[in-house]
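Please look through the structure shown here, and read the paragraphs below alongside it.

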Amino acid sequence: MNKILGILFAVIVLVSCNSQKVYSDFDISYSRNGGISPVYENLLIKGNNAHYSFEGHGKKHKQDFKISNEDLKKLDQALSQNNFRRIEEDRKKLYDNVTTSINIKKGPNEGSKTDASMVMPNFTTNWANILGTFQEIINNNVKNNK
């Protein structure tokens with residue numbers, strides 16, 4: 001009986017660990033969260049596979065989809081043309097703000113940026129252009145979007 005319980009426990013642990021893999025194994029990550037009425041939105045990309053999740057305003061949505069090479073190229077161009085790696089984050093403290101974080105784990109634009117404390121004024125247009133490209137990918141690929 002103890003062996004059965006031990007095996008059952010091991011299977012449950014392995015399944016629960018595997019379900020979180022999608023959130024740690026990615027090349028590109030776009031995440032929006034926070035606010036007075038909390039919103040949690042994630043787009044995780046690994047190769048041509050994408051995982052999207054949204055939770056907020058009483059709605060929940062998860063979807064896996066294939067992202068086209070054209071969309072990946074468009075995203076890479078937006079990151080390069082808007083100097084993603086050079087964007088400077090401000091150090092002001094903001095509270096109850098919806099913040100966006102972008103993590104790039106490989107390629108020429110490798111880096112991590114967030115607007116949790118705002119973006120320096122010289123880079124707000126660059127940041128907005130990059131966010132717009134991510135939002136366009138979400139709008140074009142996610143069914144029942146929010």
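Helices α2 and α3 cross in a left-handed sense. The model is a predicted one. In it, α2 covers residues 69-81 and α3 covers residues 124-141. Their axes come within 9 Å, and the crossing angle is roughly 165°. Since angles over 145 degrees count as roughly antiparallel, this angle makes α2 roughly antiparallel to α3.

Which residues make the contact between α2 and α3? On the side of α2 they are Asp-71, Lys-74, Leu-75, Ala-78 and Leu-79. On the side of α3 they are Ile-130, Thr-133, Phe-134, Glu-136, Ile-137 and Asn-141. Sorted by class, the contact of α2 with α3 holds six nonpolar residues, two polar residues and three charged residues.

The next topic is the sheet. It is an open sheet of six strands, in the order β4-β3-β2-β1-β5-β6, and the pairing is antiparallel. In general, strands of a sheet pair through backbone hydrogen bonds, in either a parallel or an antiparallel way. At the edges of this sheet lie β4 (59-66) and β6, each of which pairs on one side only. From one strand to the next, the twist averages 5°.

One pairing can be followed in detail. Strands β5 and β6 are joined in the antiparallel sense over four bridges. Ser-101 has its bridge partner in β6, and that partner is Thr-114. Helix α3 also belongs to this picture, as α3 packs on the sheet. There α3 touches β1 (28-34), β2 (39-46), β3 (49-56), β4, β5 and β6. The direction of α3 makes about 85° with that of β5.

Two loop residues remain. Where does Asn-83 lie? Asn-83 is in the loop between α2 and β5, the latter being residues 98-104. Asn-83 is not a glycine, yet its phi is positive, at about 50°. The relative accessibility of Asn-83 is 39%, so Asn-83 counts as partly exposed; the range for that class lies between 20% and 50%.

Met-118 is placed in the loop between β6 (111-114) and α3. Met-118 also has a positive phi, of about 75°, although it is not a glycine. Is Met-118 buried, partly exposed or exposed? With a relative accessibility of 38%, Met-118 counts as partly exposed.

Note on methods
Residues numbered from 1 in each chain as written. Predicted model: local features only at pLDDT ≥ 70, side-chain atom pairs only at ≥ 80, totals over all residues. Heavy atoms only, no water. Axes fitted to C-alpha atoms, helices over the stretch in contact; angles between N-to-C directions. Parallel < 35°, antiparallel > 145°, perpendicular 65-115°, else oblique. Left-handed = near helix turned anticlockwise from the far one by under 90°. Contact = heavy atoms within 4.5 Å. Nonpolar A, V, L, I, M, F, W, Y, C, P; charged D, E, K, R; others polar. Buried < 20%, exposed > 50% of the residue type's maximum accessible area, 1.4 Å probe, protein only. Pairing = 2+ DSSP bridges.
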